Amino acid sequence: MLRKDHPMYPMLVLLGLTALLGASQGRTDCYGSVNRIATSGASCETAKPERLPYCGVSASEKIAELDLRAMDRYKTLIKKVGEKLCVEPALIAGIISRESHAGKILKNGWGDNGHGFGLMQVDIRSHKKVGEWNSETHLTQGTKILITMIKAIQKKFPRWTADQWLKGGISAYNAGPKNVQSYDRMDIGTTHHDYSNDVVARARYYKKHGY
């Protein structure tokens with residue numbers, strides 16, 4: 001073992017720290033990956049207000065495409081938060097698309113009859129509003145809420161896989177962990193009964209577009 005008073009010791013410590021940081025930097029898969037999750041996409045109830053004559057994954061992808069230009073304004077922030085919290089930026093974008101169409105349907109940052117705040121529509125009845133509606137602070141808060149939901153699902157269903165926990169956490173972001181009763185029916189009780197399936201399909205679209 002190299003002694004601390006050896007002239008090469010400080011350099012080796014620095015190289016070790018650099019390697020350690022390199023290994024963790026940029027990771028976004030700590031909670032699973034949307035590409036490994038089976039999804040049925042948007043329900044017809046979600047597709048209809050978008051004037052789409054079809055449902056499913058194709059509908060989710062089309063809605064995500066329609067939001068892409070607005071989403072790209074926040075791409076740098078989304079990727080920064082995703083890398084900071086080790087969550088796929090594409091998933092954050094998928095939630096933003098579902099919740100606020102990348103801010104297009106918000107009025108001064110507010111939606112859901114004044115109950116939802118920001119791009120990720122944080123419910124102020126359950127959480128304190130922080131930051132501006134389209135800020136890094138807001139995206140960090142929303143993503144941390146998602147992580148809390150994933151961890152609640154991990155605790156509730158310890159035998160599920162990481163990707164199953166991720167999908168359950170996405171569903172819980174909308175309707176809470178109590179609503180998730182089984183893997184196959186986790187979206188029953190969410191808005192339009194398709195929340196996690198729709199978000200996953202949208203997230204996959206954004207992943208193909210650099211998120």
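Which residues of H7 are buried? In H7, the buried residues are Asp 163, Trp 165, Leu 166, Lys 167, Gly 168, Gly 169, Ile 170, Ser 171, Ala 172 and Tyr 173. Buried means under 20% relative accessible area, exposed over 50% and partly exposed in between, with a 1.4 Å probe and protein chains only. This is a predicted model, in which local features need pLDDT of at least 70, side-chain atom pairs count only at pLDDT 80 or more, and totals for chains, interfaces and linings use all residues. Residues are numbered from 1 along each chain as its sequence is written, and side-chain values use heavy atoms, with hydrogens and water left out.

**Helix H7**

- H7 covers residues 162-175, 14 residues in total; helices (H or I, at least four residues) and strands (E, at least two) are DSSP runs numbered from the N terminus.
- From first C-alpha to last, H7 reaches 20 Å, close to the 20 Å expected at 1.5 Å a residue; the expected span is 1.5 Å times one less than the number of residues.
- H7 is mostly covered, with 10 of its 14 residues buried.
- Helices H5 (89-100), H6 (136-156) and H8 (195-208) are among what covers those buried residues.

**Thr 190, between H7 and H8**

- Thr 190 sits in the loop between H7 and H8.
- Thr 190 counts as buried because its relative accessible area is 4%.
- A polar atom of the Thr 190 side chain lies 3.3 Å from the backbone nitrogen of Asp 194.
- The backbone nitrogen of Tyr 195 also lies 3.3 Å from a polar atom of the Thr 190 side chain.
- Not counting residues up to four places away in sequence, Thr 190 touches Ser 171, Asn 174, Ala 175, Asn 179 and Tyr 195; contact means heavy atoms within 4.5 Å.

**Gln 121, between E2 and E3**

- Gln 121 is in the loop between strand E2 (116-117) and strand E3 (122-123).
- Its relative accessibility is 11%, so Gln 121 counts as buried.
- The Gln 121 side chain reaches the backbone oxygen of Gly 116 at 3.3 Å.
- Leaving aside neighbours within four places in sequence, the contacts of Gln 121 include Glu 99, Trp 110, Asp 112 and His 138.

**Packing of H3 on H5**

- H3 (residues 56-71) and H5 pack at about 105 degrees, with axes 10 Å apart; axes are lines fitted to C-alpha atoms, for helices over the stretch in contact, and angles run from 0 to 180 degrees between N-to-C directions.
- H3 is therefore roughly perpendicular to H5, a term for angles of 65 to 115 degrees.
- Ile 63, Ala 64, Asp 67 and Met 71 of H3 meet Ala 93, Ile 96 and Ser 97 of H5.

Note on methods: Polar contact = N/O pair within 3.5 Å; in protein donor to acceptor, adjacent residues only side chain to side chain. Parallel < 35°, antiparallel > 145°, perpendicular 65-115°, else oblique.
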